[in-house]
Amino acid sequence: MTTDVKYNELAKELLEQLPKGAFLTVKDQDRLNTMIIGWGNISFIWQKPIFLVMVRYSRHTYQLLENAKEFTVSIPINKDLRKAIAFCGTKSGRDYDKFKECNLTAEPGKVVDTPIIGECDLHYECRVVYQQAMEPALISEDIRKKMYAEGDYHVMYFGEIVACYKKE
Ligand SMILES: Cc1cc2nc3c(=O)[nH]c(=O)nc-3n(C[C@H](O)[C@H](O)[C@H](O)COP(=O)(O)O)c2cc1C
């Protein structure tokens, strides 16, 4: 059973878990994948609730997201998914079916075509309304040196939150 919640109602729970890892799931036609994100935010822009995720060019997810233009973010709150987070946050969907390897259940989204992770408690379904590639010349030098030494920058995807709910 699921209960709809306002997009910012469980912001505290989201922001506490996010640095430890949340599942970013993307489906491009029959290609389904999930990866871990630790950075992002929820906000209110263009009169819309927005979930911002940041995906590096090197990720398989980046290639899928460029076509899919929608994503879900699933947050584990009560269940300990540390093993799955470690796997999905280090292995690529190019090499593994992470759902199979980690026994994760792809459950249908309510609004978007992209599934959610059934084992998680809190879910955001999003449609990309804007994206922005990072401009290397505009990043402070300390962050550039620390985070982008290899030149593998992030693309920022702003997803309108079209559904937000928790599983009981
Ligand atoms: C805690 C944690 C947070 C992470 N946050 C991000 C992130 O915000 N953006 C990103 O591009 N990669 C992030 N990663 C790395 C990706 O999850 C990892 O490279 C993954 O294997 C990519 O999978 P893919 O190639 O199937 O897309 C994070 C990893 C961990 C463990």
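# Reading contacts, a pocket and cysteines in a predicted model

Colleague: What counts as a polar contact?

Modeller: A pair of N or O atoms within 3.5 Å; within protein, one must be able to donate a hydrogen and the other to accept it, and residues adjacent in sequence count only if both atoms are side-chain atoms. Another case joins the side chains of Thr-61 and Asn-33, at 3.3 Å.

Colleague: Is His-154 buried or exposed?

Modeller: Buried means under 20% relative accessible area, exposed over 50%, and partly exposed in between, with a 1.4 Å probe and protein chains only. His-154 has 5%, so it is buried. Its place is strand β10, residues 154-167; strands (E, at least two residues) and helices (H or I, at least four) are DSSP runs numbered from the N terminus.

Colleague: Which residues does His-154 touch?

Modeller: Contact means heavy atoms within 4.5 Å. Not counting residues up to four places away in sequence, His-154 touches Trp-39, Met-54, Val-55, Arg-56, Gln-132, Ala-133, Met-134 and Tyr-148.

Colleague: Where is Thr-61, and what does it touch?

Modeller: Thr-61 is in helix α2. Its relative accessibility is 1%, so Thr-61 counts as buried. With residues up to four places away in sequence left out, it touches Leu-24, Val-26, Asn-33, Met-35 and Val-55.

Colleague: How is a pocket defined, and what is the volume of the largest pocket?

Modeller: On a 1 Å grid over the protein atoms alone, a pocket is an open set of points with protein on both sides within 12 Å along at least five of seven lines; lining residues have an atom within 4 Å of a point. Grid points are joined across faces, edges and corners, and a volume is the space filled by probe spheres set on the points. Here the largest pocket has about 340 Å³. It is lined by 22 residues, and the closest to its centre are Met-35, Ile-36, Arg-59, Cys-88 and Gly-89. Elements giving two or more residues to the lining are β3 (31-37), β5 (48-56) and α2 (60-68). β3 gives the most, with four residues.

Colleague: Which residue other than glycine has a phi near 55°?

Modeller: Trp-46 has that positive value. Trp-46 is in the loop between β4 (40-45) and β5 and counts as partly exposed, at 45%. Gln-47, in the loop between β4 and β5, has a positive phi of about 60° although it is not a glycine. Gln-47 is exposed, with a relative accessible area of 73%.

How values were computed. Residues numbered from 1 in each chain as written. Predicted model: local features only at pLDDT ≥ 70, side-chain atom pairs only at ≥ 80, totals over all residues. Heavy atoms only, no water. 1 Å grid on protein atoms, 1.4 Å probe; cavity = no way out; pocket = protein on both sides within 12 Å on 5 of 7 lines; lining within 4 Å.
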